[in-house]
Amino acid sequence: MRWERVQLHPQHVASQQGVELGDASSGPGKRWGHTSNAIKGGRFLYVFGGYGKDNCQTNQVHVFDTAKQTWSQPVIKGTPPTPRDSHSCTAVGDNLFVFGGTDGMNPLKDLYILDTASHKWICPSVRGEGPEAREGHSAALVGKRLFIFGGCGKSSASNDEVYYNDIYILNTETFVWKRATTSGNPPSARDSHTCSSWKNKIIVIGGEDGHDYYLCDVHILDADTLVWKELNTSGQMLPPRAGHSTVAFGKNLFVFGGFTDAQNLYDDLYMLDVDTGVWTSMMTTGDGPSARFSVAGDCLDPLRSGVLVFIGGCNKSLEALDDMYFLHTGLVIRDEGKLEKLSLRKQLKLKCQEQNLANPALDKALVRIEMSSDIHQPVPLTTFAELQGKKTFQAKVTECFPHGYTIETVIDGKPLRGMLFANRPIFAQTAATYNPSSRKRASGEVGGTILNGDCNNKLKTSRILGHDSVDYQQSQTVHAKESPSHEKEATAPSLKNASLLKDPANQKGEATPLNLNDDKTGDAPNSSKEIESTTADGSVALSPKQDETGPNTEDLNNP
């Protein structure tokens, strides 16, 4: 497993889907006792509250875009919670449920909801028997039920500290609290522990009890039967600690940091398999975080496959920290939450995908297509009749050159560029004006089709289509005809074996078979700039091949 320190890049984002994101931000700054929650499949990380900035509690919200690795500070509407730390914050869909904590003087028991779609704070009207005011508690979600366990409060009679081991359940749809009546072997009263969920289980790890003992036990609550049991653990056992962070990834819980009674802070990483009860001390590489407690963390999967994030915390000198780290676990969740180790090849592929997400220049390269002003942007085929046994899509001809066409299209929202090659030179007027040095080779070729992003791949060609088989010609060639709108329409078995559209002026209704090997396999002409299109605006309907063995060209839909 590998640590990666995240380099923070502030960026101003004016709005997103009508929601004002506010000013650029360098991040939440130094803080501990805060929370971090990933939403939208790990795309956005919301950091709320905590202590450290200006040496006091805060109620600010900061958002980290995990794809672009930039911070923003949203403009939040509504009445916000009071500044606090040591609270709980749980993602319920795209809403964040904040409960309790401390304002620095007294524990709290209020409930607030941050609607991340509208960026608005909501203080719901709740019913039922809710928890007493507390801090250092933990929360976990099972289905639509929010479980609150443990924490530390104050006695109403003596103002002394009170430690809890009770369970309260909030129905997140009706906002009704209920104190759970449990059975079995419950954990002792504690705070500064962690609480995670896996399937219908609530897992409590470690913490500090009312007698200042530091714990490493693991208790599991069945959320359906409300029966507690202590998990018999084995392996490389977790040392006792409190103030640690636990992040769930499938059935495995990753525990980082914390402290003990000797004021010794941890920078180690342990993993617990909930099904087997086996602890593993994880060996890591890279630039990892220093020893700390009250650090916030969450899982960024699936956007960043197998990646966990940890941010902030407090060091041994009781100074708040502002650094941020990714933990690349190299694991992936398969069916039924089974974790599997990724091969090096898959890890490299995921790394490239993450770099592409974080690189805006690549986004522009995919979207920005230079063309003459009379050629329109490609659009998905939505109005054409579906050909029986074939899948069609529309593509725009953007350029003609002596050996084919360049085309553009959009498939499943993804812009694609490609080329259709011919076995003979096309229009004489095109050939006369074509300059082999005027076209820049700026994309990679896959199956006879050129896609953005790869400059070094060689063209893969298919076998020559013969003229002597009428049946074969009928199934393997493109029939071109002039439509009333002067658009060229054709069907072809694949992008690899597609024939050239004939000149409408000389068209005699016959199909021209394509010979991809006419000029041998090689590179397309190189140049330093794009040439201007010399063709009329036209469209080409292509259909993936159904019967020929070999690579499936429908993979082009997933470049």
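Buried means under 20% relative accessible area. By that cut-off, both Tyr-270 and Trp-279 are buried. The model described here is predicted.

- Strand 14 and strand 18 (residues 176-179) are paired in the parallel sense, over 2 bridges.
- Across from Gly-128 stands Trp-177 of strand 18.
- Strand 17 pairs with strand 18 in the antiparallel sense, through 4 bridges.
- Tyr-168 has Arg-179, in strand 18, as its bridge partner.
- Strands 17 and 18 also form a hairpin, with 4 residues between them.
- In the turn of that hairpin, Phe-175 has a positive phi of about 60°.
- Strand 16 (residues 145-154) is antiparallel to strand 17 (residues 161-171), and 9 bridges pair them.
- Leu-146 is placed opposite Leu-170 of strand 17.
- In a regular strand, side chains alternate between the two faces of the sheet.

- Another open sheet has 4 strands in the order 10-11-12-13, with antiparallel pairing.
- Strand 10 (88-92) and strand 13 (120-122) are at the edges with a single partner strand each, so one side of each has no neighbour in the sheet.
- On average, neighbouring strands of this sheet are turned by 25° against each other, direction ignored.
- Strand 11 (residues 95-102) and strand 12 (residues 107-115) run antiparallel and are joined by 7 bridges.
- Thr-102 faces Pro-107 of strand 12 as its opposite residue.

**Aromatic pairs**

- A pair of aromatic rings is described by the distance of the centres and the angle of the planes.
- There are 14 aromatic pairs in the structure.
- Tyr-112 and Trp-121 have ring centres 6.3 Å apart and planes at 90°, so this pair is edge-to-face.
- Tyr-112 and Trp-121 are both buried.
- Tyr-270 and Trp-279 also make an edge-to-face pair, with 6.4 Å from centre to centre and 80° between the planes.
- Trp-3, Phe-256, Phe-310 and Tyr-325 are linked into a cluster by ring pairs.

**Arg-292**

- Arg-292 sits in the loop between strand 29 (285-286) and strand 30 (296-299).
- Its relative accessible area is 1%. The cut-off for buried is under 20%, so Arg-292 counts as buried.
- The Arg-292 side chain makes a polar contact of 2.7 Å with the side chain of Asp-323.
- A polar atom of the Arg-292 side chain also lies 3.0 Å from the backbone oxygen of Gly-312.
- Leaving out residues up to four places away in sequence, Arg-292 touches Phe-256, Gly-257, Gly-258, Leu-265, Tyr-266, Gly-312, Cys-314, Leu-321, Asp-323 and Tyr-325.

**Glu-230**

- Glu-230 belongs to strand 23 (residues 227-230).
- Its relative accessibility is 38%, so Glu-230 counts as partly exposed.
- Glu-230 and Val-218 are 12 residues apart along the chain, and their C-alpha atoms are separated by 5.9 Å.
- Val-218 is one of the residues that Glu-230 touches, along with Asn-185, Asp-217 and His-219, when residues up to four places away in sequence are not counted.

**Cysteines**

- A disulfide is a covalent bond between the sulfur atoms of two cysteines.
- The structure has 0 disulfides.
- Cys-123 has a relative accessibility of 51%. Exposed means over 50%, so Cys-123 counts as exposed.
- Cys-216 has a relative accessible area of 29%, so Cys-216 is partly exposed.

Notes
Residues are numbered from 1 along each chain as its sequence is written. This is a predicted model: local features need pLDDT of at least 70, side-chain atom pairs count only at pLDDT 80 or more; totals for chains, interfaces and linings use all residues. Side-chain values use heavy atoms; hydrogens and water are left out. Buried means under 20% relative accessible area, exposed over 50%, partly exposed in between (1.4 Å probe, protein chains only). Contact means heavy atoms within 4.5 Å. A disulfide is a pair of cysteine sulfur atoms within 2.5 Å. A polar contact is a pair of N or O atoms within 3.5 Å; within protein, one must be able to donate a hydrogen and the other to accept it, and residues adjacent in sequence count only if both atoms are side-chain atoms. Two strands pair if DSSP finds at least two bridges between them. Axes are lines fitted to C-alpha atoms, for helices over the stretch in contact, and angles run from 0 to 180 degrees between N-to-C directions. Rings of Phe, Tyr and Trp (its six-membered ring) pair if their centres lie within 6.5 Å; planes under 30 degrees apart count as stacked, over 60 as edge-to-face and the rest as tilted.
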